[in-house]
Every structure is written in C-alpha cells, then in structure tokens.
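Take a look at the fold below.

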Amino acid sequence: MTATLSAPQGGLRAWLKTDAPRTVFQSAMQQLYRGWRRFATHPLGLAGLGVILLLVVAAIAAPWLTSYDPIAQDMVNRLQPPSAAHWFGTDEFGRDVFARVVYGARTTIYIILLVTVIVAPIGLLIGACAGYLGGWADEVLMRVTDIFLSFPGLVLALGFAAALGPGITNAIIAIALTAWPPMARLARAEALSLRKADFIAAVRLQGASKTRIITRHILPMCLPSLVVRLTLNMAGIILTAAGLGFLGLGAQPPLPEWGAMVSTGREFMIDCPWVITAPGIAIAVVSLAFNLAGDALRDVLDPRSGE
C-alpha cells in the first residue's frame, strides 16, 4: 500500500519544508522555493528582476500603454518637448518618443531571445563535447573557439554585420556568431571537472555510450552555469545590438530600436536632448538590470554557496 502525502499544517511554506517523502514535482517545487528565498536576499537582484519584468510587460502591453503609432510621422509636431500629450517629446519626424521606446522593447526582447536560442545550444554542445572527449576533438574545437575569442566581440560583430549587410536578421546572426565562444569555454570547463567524477565512471562501466553520457549526464550538469552566463551576457547582447543599430547595421528605420533612435537623434542632442535621452537611459537601465539579476542568480545556482 502506498500512503498519500498531504500538505502539513502551516500553509505552502510548511509543506515545502517538510521532510516527509516527496514526489518529483514536490522536490522541484521545494528547490524552486529555496532558490527564490536565496534570490530574495539580494535586493539589487530583485531590482534587476523587476526591471526585466517591466521590460517584458512593456513589450507585451505596448498597444495599451500608448495610443501613438511608433512609425507614423507628424511633421507638424516635430521636435516637441515632453508634455502631457507626448511624455518623452517627439523626434525629428514628429513621432512620439515614448511610443518608440516602448515598442523598441519588443525589438530588444526579439534580439535577446533569438540570440539565446542560437548561442546556448551551440556553445553548450561544443564545450561539452570538447571537455569530455578530449584529444583531437578538444584541440580542434577549442582552436576554432580561440579564433573567435581573439577578436573583440563588438569588432567581430561589426565585421560579420558589414559582410552580411544591414538588417535585424543579419545583426542577430552577427551577434550570435560572436557570443557562443564564452559559452563553449564555460561548458568545457564544467565537462572537464565532471569527466572523472565517480558517477560518470559508474555510468561508463554500465556500458553507456559517449553520446549518452554527454547528452544525459554532462549537458544537464552544465546548464546552471550556462544559465548564469547567458543572463550576464544579456547586457553585452543589448549593447552590441544598440551599437550595430547606432552604426546603421542593425534594425533599419522606421523600425523602433533604441540604438538606431540614439543614432538618428544625436544631431539634435544639444537643442532637443529628449530625443536621445529616453532610448539612452533604456539601454543603460536594462543592461544594468540583467547584470544585477545575473549576479544574484549566480549566487543562487552556485552549489558551493550555503543556504
């Protein structure tokens, strides 16, 4: 007979703290709860998380946050200062700056998500294979990685973007091509520390293939460190995307993108500073938020840290 586990008195917190036998779901919820408690001890991390959530909400609710079209021009009201009608003023084409900043959040999230989807699997797989297999596979994969790492990320991204041509899709490809090597290096370091672990030796003695060991055991163990690295790299991705947009190699007008907004507004920055102030602050604040959240997340996922 199997006894059902009922939640103890005292609510969710008491239920998560109980030492009674737990299901897989209950264990996962307990780990999530403990991780959140540890994350909540970092006020700066919470502030960063709040800004990130605000960015996501702004991107989703953009049509409800402003009634202005971010692309439609109104030359009669060009370069108007901030007012009740236009909170952040208008740009050189009479477009509402607040609307363009809010819709620009969508562009930023779009770039972040696509770069992450491309970079994470490539870096994780290359690094794990190099670290576990060793030998010639490690030499070849790491020498290719070193070639990419030998150039500054922004300079290499500019080179790829210039070769591929302007456009947001090409900018995403260029950023992804420069963002995966640090992930591969981190995954390799994790794999090197795991390849001689006792549980890996036990799995190998049971007849597991190298492919199975890498996919079922090495890759999952590398994920926490990779998640932290990805979070910390978000700021670099945002700054690189803004840099490409500023130089005309990223998102093309009239698409609202923060870097492109700073680029087009720089000639009016003396007489009409509001044109570049809002997108510039957005870039700085969101980049800082990802760094703060990443630092807190690193403490949460670090297995050597205490409760």
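Which residues line the largest cavity? The lining consists of T107, T108, I111, I112, I237, I238, A241, A242, E257, W258 and I283. Two elements each give two or more residues to that lining: α5 (97-133) and α10 (210-246). The volume of the largest cavity is about 70 Å³. The count of cavities of 30 Å³ or more is three.

This is a predicted model. The protein chain has 12 helices and zero strands. Some totals for the chain:

| Property of the protein chain | Value |
|---|---|
| Buried share of the 307 residues | 43% |
| Share of contacts (separation of 6 or more) made by residues 24 or more positions apart | 69% |

Now to one helix, α3. It covers residues 43-60, 18 residues in total. From first C-alpha to last, α3 reaches 26 Å, close to the 26 Å expected at 1.5 Å a residue.

Which residues of α3 are buried? They are G45, G48, I52, L55, A58 and A59. Viewed down the axis of α3, these buried residues fall within an arc of 150°, so they line one face of the helix. The face of α3 turned away from the buried side carries the exposed residues P43, L54 and I60.

Conventions:
Residues are numbered from 1 along each chain as its sequence is written. This is a predicted model: local features need pLDDT of at least 70, side-chain atom pairs count only at pLDDT 80 or more; totals for chains, interfaces and linings use all residues. Side-chain values use heavy atoms; hydrogens and water are left out. Helices (H or I, at least four residues) and strands (E, at least two) are DSSP runs, numbered from the N terminus. The expected span of a helix is 1.5 Å times one less than its number of residues. Buried means under 20% relative accessible area, exposed over 50%, partly exposed in between (1.4 Å probe, protein chains only). The arc is that of the directions from the helix axis to the C-beta atoms. Contact means heavy atoms within 4.5 Å. On a 1 Å grid over the protein atoms alone, a cavity is a set of points where a 1.4 Å probe fits but cannot get out, and a pocket is an open set with protein on both sides within 12 Å along at least five of seven lines; lining residues have an atom within 4 Å of a point. Grid points are joined across faces, edges and corners, and a volume is the space filled by probe spheres set on the points.
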